[in-house]
Amino acid sequence: MTEHIALVVNGQQRELDVEPRRLLVQVLREDLDLTGTHVGCDTSQCGACTVHVDGLAVKSCTMLAVQADGSAVRTIEGMATDGELHPIQAAFWEKHGLQCGFCTPGMIMAAADLLQRTTEPSDEEIRHAIEGNFCRCTGYHNIVEAIREAAAVTRAAAAAPVGEKAGGAR
Amino acid sequence: MTTEVLGAAIKRREDPKFITGAGNYLDDIKLPGMTHAAILRSPYAHANIRSVDVSAARAMPGVVAVITGADIPYNPLPMAWPAGGSSGLQNNVNMPRVLATDSVKWTGEGVAAVIAETEEQAYDALEAILVDYEPLPTVVDAEEATKPGAPQLHENAPNNIVFDWTVGDKSGTEKAFADAEVVVKQRLVNQRLIPNPMEGRGDIGLYNPGTDEYTVWMSSQTPHIQRLLLTAFVTGIPEHKVRVIAPDVGGAFGTKIFCYADMALVMFASKLIGGRPVKWVEGRRENYQSTTHGRDHITYLEVAGKRDGEVTGLRVKTYANLGGRLSTIGPGVPTTLYGRVLSGCYKIPNVFCEVIGVYTNTVFVDAYRGAGRPEATYVVERAMDLFAAEVGLDRAAIRRKNFIPPEAFPYDNPSGLLTAVNGSKLYIDSGNYEPALNKALTAVNYYEIDKAKKEARKRGKLLGVGLSTYLEVCGVAPSKWIGAVGEGWGAAMWESANIRVHLTGKVVVTVGTSPQGQGHETTYSQIIAHELGVPMDDIVIQHSDTQGTPFGYGSYGSRTSNVGSTAAIKAAGKIKEKARRFAAHMLEASVDDIEIDGPNYRVKGSPDKVKTIQEIAFALDLAFDPPEGMEPYLDETAYWDTPNCTFPFGTHIAIVEIDEETGGVELVRYVAVDDVGNEINPLIVGGQIHGGIAQGVGQALWEGAVYNDDGQLVSGSMMDYALPRAAWLPSFELDKTVTPSPVNPLGVKGVGEAGTIGSTAATANAVIDALSPLGIRHLDMPYTAQKVWHAIQTAKGGQA
């Protein structure tokens, strides 16, 4: 038995028939070949599978694919636009915010969710925002640095169109 | 002039694929016709298997094959490092089979496997397999397992003892204790840990019936070793018929060094089903039950010394839990990698260590980040604090007093800790311990810490500061040392590299090491760009595929930057030498007159007569006009066997605050001053130290694998095992001193494990320091709020 679902994934309309027991992460990885979203546990603890569903960070192992019917899903593969890295991607690279890379896509998606809510996060807010994402390589130090950097870049970009006013990026 | 890349904080070339989701980890690989394997694991920690009935499972939808241990003709997995060394050697080796046949020794040992069209179908069919178990009594504690009357796991291992290994100077140590003014004793538990790389393990086996060859993809640190072990020792398939590939590896921390049953299973299964690929990927709970754990020591520590703070003797007896059967190098970790470094950076004249390796009904224990050295550091750094408390001296002062002085290097351990059975010696190559200590003390304002303690007390907090002046050993090891008769190690430990400069001037470097997140493609490129004078962007680093790379022992033990890189430098040296000879031919000059300046090969005194390495490669690779006797192509291979290990060191200081009401421990500051010698890439060095610190702090404060008395893994999932989260940790404060190693041309030492080695002891010492006003002199890790609260209540009750 399958259900027919329709999703917008990284801006593209996708329709598929899925077993109701299948998780969103399984459909993304196995049916849509979006293997950038990873599975690191079986208890919704690690956050490696974090994606955006209708703009909010969601662990895609906690959601059935049929629950995402009609939603817009964004994965790590949809973060760069026209070959240009998202500021968080660029900052993770710049600040050595990754080592083995396995947690990185989920980390970036969780961080992007934070920066949608605030572009002036404190370190405490940054650490809280990624508390649902495990990283075993970095000790989180450079991930925090990267998100701080991405926030500064985002603030500067937001300030730029207003004009040349000083203090755009504090 | 090209910009110097060696030693520069260059962004990693690996990262673009990882930050865009284009990495290629094992579970991302899809092959046509792929089937999926699931493994039925024992629910009992100790049982005889009376029968296995797979008939119902075979009839389940989508099932392609069901396999039991009886179906597989292969040998048990190999033991590559039975404990060598001194007296009492027993080596009662019992290794896992691909699937268990007659008994199971831990919850999670594989008993049967299903191969099905989908993963779900494979797991559904596992439930239809009927296994008739005869449960047996269990023991999970290493010390308990050696006592009379304990359940016995193996007929060939009376009292569950794998080995009884000793190192050091027994009689000298006895005399030191007899003469001592002060003796301090303490039982220490170094709890069992679950390493937890974010990507678990997995394999894909593909048999080609047309060529009778196998390809095996595995998430591994050691593809060449696995090909050797799986063919020569397990399956009997000729080595040249197997190709092993490690794709992107999502962290490993030691767990992916070893030879596992599933690797052989996917090979067997693919052939059995006619050559369709078979993929097995472990789930996290499966990883907890069936991939190696780390640590798990019970240690009786005795320290002898004088009232003035001089430590004169160290006597250690350790029970090392090795699990129900042995992992690939399980016995080597608590022996050579532990007992031989027990005196740390101190000139303790008399040391004796006995280690009893023990079977218990738990999953096997093997190398986990640091592997033996964190356990040794924990012992010696707790020893210094306990001794300082006993004689009433400052903990920094007592360390300073006992440091090996800088003029004593290369240092020959007086108790023979680093002397192999055949007399072959290792030396502590270099060191200068006080500058790192001083920097760290200054950073935390150590001598004013009492003010901070008083201020914290006003807030209801107990503040503690903890030091660890650790010593690490990297680049294990010279083959002639580790291969010494009686040392037990079953392999050499050199490394390899090949460099080819192609006709277009582009450089292909293949190496025998195999990364898991360390950024080797970046660091090797920096080194080769420096050596050959070519742009980094013109260099590619290839690794982790037995087809196309020279045999190498892989990456673990912080050996790539020192052993692997030196092999690459040696290969580059051969390239330069051949290029120089060909340049002389091209420029019609004598070889001795050719000077090398980056990419330029120039005739001395004639600056215009010059050829670049790219021009040389073009001409020599075409070989239209080679000199007499010269082979075409710039293509050179080198092997490097290190003459000695390297010995990074440093001082780590943790500051914790304990809530007196709740027992909750907070790490408020962490300062690490490390000396890893010269740095190839400071960005990567910093990242390695950060991650190491987090893992070591994790052990001190939160992590612990817990088996109940029945051998059930109570901490069986990520919901139960407390991995450090971002909000639990502060940012770390790093500094360094630089004492280049004389052992290799780069003067590097290795950095992969230093953070872990230093941080557990520093954090533990901080917690005990915080609790010391209550009269608490020791508490075993992890320092959970519950444990600390109980300790505080007990101490206060005792005072009342």
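These legends go with close-up views of a predicted model.

**View 1. An open four-stranded sheet in chain B.** The 4 strands line up in the order 19-18-17-23 (chain B), and the pairing is mixed. At the edges sit strand 19 (539–542) and strand 23 (634–640) of chain B; each has a single partner strand, so one side of each has no neighbour in the sheet. On average, neighbouring strands here are turned by 15° against each other, direction ignored.

**View 2. Strand 17 meets strand 23 in chain B.** Strand 17 of chain B, residues 495–501, runs antiparallel to strand 23 of chain B, and 7 bridges join the pair. Look for Ile499(B): the residue opposite, in strand 23 of chain B, is Glu636(B).

**View 3. Helices packed on the sheet.** Helix 15 of chain B (residues 520–532) packs on the sheet and touches strand 17, strand 18 (507–511) and strand 19 of chain B. The direction of helix 15 makes about 135° with that of strand 19 of chain B. Helix 16 of chain B (residues 560–586) also packs on the sheet, touching strand 17, strand 18 and strand 23 of chain B. With strand 23 of chain B, the direction of helix 16 makes about 145°.

**View 4. Chain A against chain B.** Each chain puts residues into this contact: 42 from chain A and 42 from chain B. On the chain A side, the elements giving two or more residues are helix 2 (87–94), helix 3 (104–117), helix 4 (123–129) and helix 5 (141–159) of chain A. Helix 2 of chain A has the largest share, with 4 residues. By type, the chain A side splits into 20 nonpolar, 16 polar and 6 charged residues.

Conventions: Residues numbered from 1 in each chain as written. Chains lettered and ligands numbered in written order. Predicted model: local features only at pLDDT ≥ 70, side-chain atom pairs only at ≥ 80, totals over all residues. Pairing = 2+ DSSP bridges. Axes fitted to C-alpha atoms, helices over the stretch in contact; angles between N-to-C directions. Contact = placed C-beta atoms within 7 Å. Nonpolar A, V, L, I, M, F, W, Y, C, P; charged D, E, K, R; others polar.
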